[in-house]
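Work through the exercises below with the sequence and model at hand. Try each task before reading its solution.

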Amino acid sequence: MRKRVLVPLILIFVVAAAWKGLVQSQTETVTGGAGSSDSAPPAISGAEGSALGRQAASEEKKSEANPNDLRTLKIFDEIIASRNDNDPRLDTEFRNLSPAAKAMLRDRYRNYQREKRNERGTVVFLLGRNLTSAEDMTFLREVLSEPPCRSMKDCEKDPANGEASSLHQDMGTEISLAYPQVVVLKSIEALFERDGSDPQRLEEAKVILEAAKRSQSDKVRDLAGAIQHRLSSGE
Amino acid sequence: MKSISLPILILSLAIPATASAYTFDKDVPQATRDQITQDLAFLETFQGKQSTPFHQKVFGGKTIDGKAYVKFFTDRVSAVGMDDCGNPNAVACVITGIFSDSSKIWLTNNYIKFSHPQVAKMSVVFHEARHTEDANSNWPHANCPTPFLDAQGKDMVSIWTGARLEGQAACDKTPFGSYGMSVILLKNIEKNCDNCTAKVKMDAGLYGDDQFKRMTDKKAIADMTKDLYTVKKKNNQI
């Protein structure tokens with residue numbers, strides 16, 4: 001009698017386990033081969049640990065991404081590849097981003113070479129219109145705390161010298177070097193100016209603005225001060 | 001006579017409108033040609049129902065019309081070549097002098113390598129295009145004052161060299177020189193372009209404000225402030 005009950009029960013368990021494994025593998029395929037939680041690295045302390053931790057967290061977010069999020073990322077990649085800052089999709093396709101979509105865009109930011117100032121700034125711009133969580137504000141602080149980019153050719157090196165007579169050609173380079181950070185500040189300014197902004201986000205934004213006034217970049221310090229002055233004087 | 005004039009008329013109509021457009025030197029890489037062509041096409045799409053008086057004076061018409069921007073460029077620039085412009089950080093330049101073709105704009109390799117926002121890069125190209133105007137003595141720059149201080153009272157320095165800009169030919173006293181014209185262009189894009197993305201408008205404002213700091217004549221500053229800065233932006237519309 002027992003065998004007649006046990007064998008079907010065992011069979012049910014085996015089939016259920018196989019079904020679960022099948023569903024999990026299909027999910028990973030849809031997300032384009034995102035790392036599974038099994039491949040997440042063990043916890044390591046220090047900067048490497050936090051970077052790896054971010055990577056594991058972002059991979060976890062990718063696995064939560066739905067087809068709409070992947071479509072959003074694809075559109076972003078298309079726009080960046082086209083080098084067309086006036087693509088109207090910049091204004092239409094990146095509203096109400098999901099946490100997973102934001103995580104993927106933050107990944108994009110971190111994977112761009114530092115010298116990709118416009119690409120990085122564009123990510124900040126799009127995320128800066130979707131400041132709804134503490135994690136969003138943490139990213140802005142991460143961008144602001146980066147060391148200054150010292151030259152357009154190589155952020156780690158000072159620009160090579162040229163003739164003094166060509167100094168008039170130096171137009172806007174300082175803005176470009178600090179572009180992602182400048183866009184952080186413009187995003188914060190817009191947050192204050194937007195009706196219905198979350199009071200918690202506004203409090204976090206005030207802290208970020210104050211920190212920006214201590215930036216190593218003159219442009220960032222000056223802009224932070226100017227924005228703070230404008231907001232406090234109600235201009 | 002009629003039998004001769006009609007074919008001539010037909011022939012003249014058949015000459016493409018781009019006959020007066022700029023040419024590329026042979027050494028301009030295809031990627032650079034493609035990029036500047038695309039960047040001009042980017043500007044050509046801009047539309048806006050109004051523009052400021054200074055914008056009307058420089059670019060004509062009463063609206064923002066991208067075709068007028070491209071005409072401004074093609075009316076002045078006959079050719080595009082490659083040069084290092086005497087500075088490893090430069091994006092573009094015009095070389096004037098009796099042995100130079102001042103209607104030619106020179107691009108550096110940085111034009112496609114350096115990651116500036118698109119409207120910022122185009123403002124540099126237009127700044128240089130202004131320098132092609134022989135009839136206006138190529139709009140030479142004014143020497144920056146000594147001392148030349150920013151709003152915080154610190155010396156204005158070149159980010160390229162760390163050198164102070166005081167005494168250097170890197171300022172303008174007239175609103176219609178190369179810096180002033182770029183500010184007029186950028187601030188009008190920011191304020192009045194109806195089909196520009198919020199990013200383009202934000203970038204135009206950022207770089208326009210930055211270049212305004214090179215204006216050093218009080219009257220020019222006052223006139224440009226009245227033309228470009230008197231109407232408060234409602235919000236950033238980001």
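**Exercise 1. Salt bridges within the chains**

Task: How many salt bridges does the count come to over all chains?

Solution. 

Step 1. This is a predicted model. Over all chains, the count comes to 35 salt bridges.

Step 2. Start in chain A. A:Arg106 pairs with A:Glu135, with the closest N and O atoms 3.1 Å apart. These partners come from distant parts of the chain: A:Arg106 lies in helix H5 (residues 99–111) and A:Glu135 in helix H7 (residues 134–144), 29 residues apart.

Step 3. Check accessibility. Buried means under 20% relative accessible area, and exposed means over 50%. A:Arg106 has 5%, so this residue is buried.

Step 4. Move to chain B. B:Asp194 and B:Lys49 form a salt bridge, their closest N and O atoms being 3.1 Å apart. B:Asp194 is in the loop between helix H7 (178–192) and helix H8 (198–212) of chain B. B:Lys49 is in the loop between strand E2 (47–48) and helix H3 (53–59) of chain B. The two are 145 residues apart. B:Asp194 is partly exposed at 47% relative accessible area, while B:Lys49 is exposed at 67%.

Step 5. Now a pair within one helix. B:Asp223 and B:Lys219 meet in a salt bridge of 2.6 Å, N to O. Both lie in helix H9 (residues 218–228) of chain B, four residues apart, or about one turn of the helix. B:Asp223 counts as partly exposed at 26% relative accessibility. B:Lys219 is exposed, with a relative accessible area of 57%.

Step 6. Look for shared partners. A:Lys74, A:Glu78, A:Asp87 and A:Arg89 are joined into one network by salt bridges that share partners.

**Exercise 2. Aromatic pairs and charges over rings**

Solution. 

Step 1. Get the total. The whole structure holds eleven aromatic pairs over all chains.

Step 2. Take an edge-to-face case. B:Tyr22 and B:Phe24 are 5.5 Å apart, centre to centre, with 90° between the planes. Planes over 60 degrees apart count as edge-to-face, so the label follows. B:Tyr22 is buried at 16% relative accessible area. B:Phe24 is partly exposed at 24%.

Step 3. Take a stacked case. B:Phe72 and B:Phe126 have centres 5.6 Å apart and 10° between the planes. B:Phe72 lies in helix H4 (residues 66–76) of chain B and B:Phe126 in helix H6 (residues 118–130) of chain B, so the pair ties together parts 54 residues apart in sequence. B:Phe72 is buried at 4% relative accessible area. B:Phe126 is buried at 0%.

Step 4. The charged end of B:Arg76 sits over the ring of B:Phe72, 3.7 Å from its centre. In chain A, the charged end of A:Arg120 sits over the ring of A:Tyr109, 4.4 Å from its centre.

**Exercise 3. The interface of chain A and chain B**

Task: What area is buried between chain A and chain B? Which helix of chain A gives the largest share of the side that touches chain B?

Solution. 

Step 1. Count residues. Chain A brings 52 residues to the contact and chain B brings 55.

Step 2. State the area. About 4,500 Å² is buried between the chains, and carbon and sulfur atoms give 54% of it. On the chain A side, A:Asn86, A:Leu167 and A:Met171 lose the most area to chain B, together 16% of what that side buries.

Step 3. Two salt bridges cross the interface. A:Asp85 and B:Lys199 meet through their side chains in a salt bridge of 3.1 Å, N to O.

Step 4. Assign helices. Several helices of chain A each supply at least two residues to this side, among them H6 (117–128), H9 (179–193) and H11 (218–233). The largest share, seven residues, comes from H9(A).

Technical notes
Residues numbered from 1 in each chain as written. Chains lettered and ligands numbered in written order. Predicted model: local features only at pLDDT ≥ 70, side-chain atom pairs only at ≥ 80, totals over all residues. Heavy atoms only, no water. Phe/Tyr/Trp six-rings, centres within 6.5 Å; stacked < 30°, edge-to-face > 60°. Buried < 20%, exposed > 50% of the residue type's maximum accessible area, 1.4 Å probe, protein only. Lys NZ or Arg CZ within 6 Å of the ring centre and 35° of its normal. Contact = heavy atoms within 4.5 Å. Buried area = accessible area lost by both parts, 1.4 Å probe. Salt bridge = Lys/Arg side-chain N within 4 Å of Asp/Glu carboxyl O.
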